Amino acid sequence: MQKLAQVNKDKAIDLLNERLTFERASVKLYDSTIQKVGRTADPSLLNLLDRLREHRNQEKEHEEWLEEQIRALGGDAHAETEMSRLIEIESRGLEQVVLDGDQNPAHLFHALLTAELVDNAGWQLLLELADEADDAEAREAFRCRLHEEEDHLALTREVVERLTRKELLGARDEAIAAAHPT
């Protein structure tokens, strides 16, 4: 991470704080979604709970890892930065859908899909910047987390597609279960 932060350490810390802020929001989104899905009577959605918990735990690990990296660079993992303020504002709409009482699974997963698209883009940018800075250690760490985020994106995209098909075309519940092969 030192090579990545070599030219502009403050900006590197700002970008890491932006990811950290989003990871913290993602943990809350997953916690709420898991709780709401757990209350559903839909077996095809209940079958997703283990994967959702796994994804939530990965988001939490990303959060903790980012805190360590920020501290290692001499930054404050709880400081408000330019990019962390921006991501807080951008995240409010997602949080309104998932945290503020919406129970519709299609809405919950649509919000999660939006979050995962942003999350993937953020990790991809960090990976590309580490590559340009020739920071092999940061590149590998970002690549690992991006790979996990790609799995999150694939699942949420599949669930949104299945739920949309079910709502629009009356597809059977088994179609949703296909998003999570057992």
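Student: What percentage of the 182 residues in the chain do buried residues make up?

Tutor: This is a predicted model, in which local features need pLDDT of at least 70 and side-chain atom pairs count only at pLDDT 80 or more, while totals for chains, interfaces and linings use all residues. Residues are numbered from 1 along each chain as its sequence is written, and side-chain values use heavy atoms, with hydrogens and water left out. Buried means under 20% relative accessible area, exposed over 50%, and partly exposed in between, with a 1.4 Å probe and protein chains only. Of the 182 residues in the chain, the buried share is 48%.

Student: Which pattern does the chain follow along the sequence?

Tutor: Helices (H or I, at least four residues) and strands (E, at least two) are DSSP runs, numbered from the N terminus. The chain has 7 helices and 0 strands. Read along the sequence, its pattern is α-α-α-α-α-α-α.

Student: Why is the chain described as being as compact as a globular protein of its length, and what is its radius of gyration?

Tutor: The radius is taken over C-alpha atoms, and the globule rule is 2.2 Å times the number of residues to the power 0.38. For 182 residues that rule gives 16 Å, and the chain is close to this value, so it is as compact as a globular protein of that length. The C-alpha trace spans about 55 × 30 × 25 Å along its principal axes. The radius of gyration of the chain is 17 Å.

Student: Which residues does Leu 52 contact, leaving aside neighbours within four places in sequence?

Tutor: Contact means heavy atoms within 4.5 Å. With those neighbours left aside, the partners of Leu 52 are Tyr 30, Thr 33, Ile 34, Val 37, Phe 109 and Leu 112.

Student: Is Leu 15 buried or exposed?

Tutor: Leu 15 lies in helix H1. Leu 15 touches Leu 126 and Leu 129, not counting residues up to four places away in sequence. Because its relative accessibility is 16%, Leu 15 counts as buried.

Student: Which side chain of opposite charge is nearest to Glu 59?

Tutor: Glu 59 is placed in helix H3 (residues 49–72). Lys and Arg count as positive and Asp and Glu as negative, whereas His and the chain ends are not counted. A salt bridge is a side-chain nitrogen of Lys or Arg within 4 Å of a carboxyl oxygen of Asp or Glu. Glu 59 is buried yet has no salt bridge, and at 6.6 Å away the nearest side chain of opposite charge is Arg 19.

Student: With which residue does Arg 56 form a salt bridge?

Tutor: The structure holds 17 salt bridges. In this one the closest N and O atoms are 2.7 Å apart. The pair links distant parts of the chain, with Arg 56 in helix H3 and its partner in helix H1, 25 residues apart. The partner of Arg 56 is Asp 31.

Student: Is Asp 42, which meets Lys 166 in a salt bridge, buried or exposed?

Tutor: The N to O distance between Asp 42 and Lys 166 is 3.6 Å. Asp 42 lies in the loop between H1 and helix H2 (43–46) and Lys 166 in helix H6, 124 residues apart. Lys 166 is partly exposed because its relative accessible area is 27%. With a relative accessible area of 13%, Asp 42 is buried.

Student: Near what value is the phi of Asp 134?

Tutor: Asp 134 lies in the loop between H5 and H6. Most residues other than glycine have a negative phi. Asp 134 has a positive value in a residue other than glycine, with phi near 55°.
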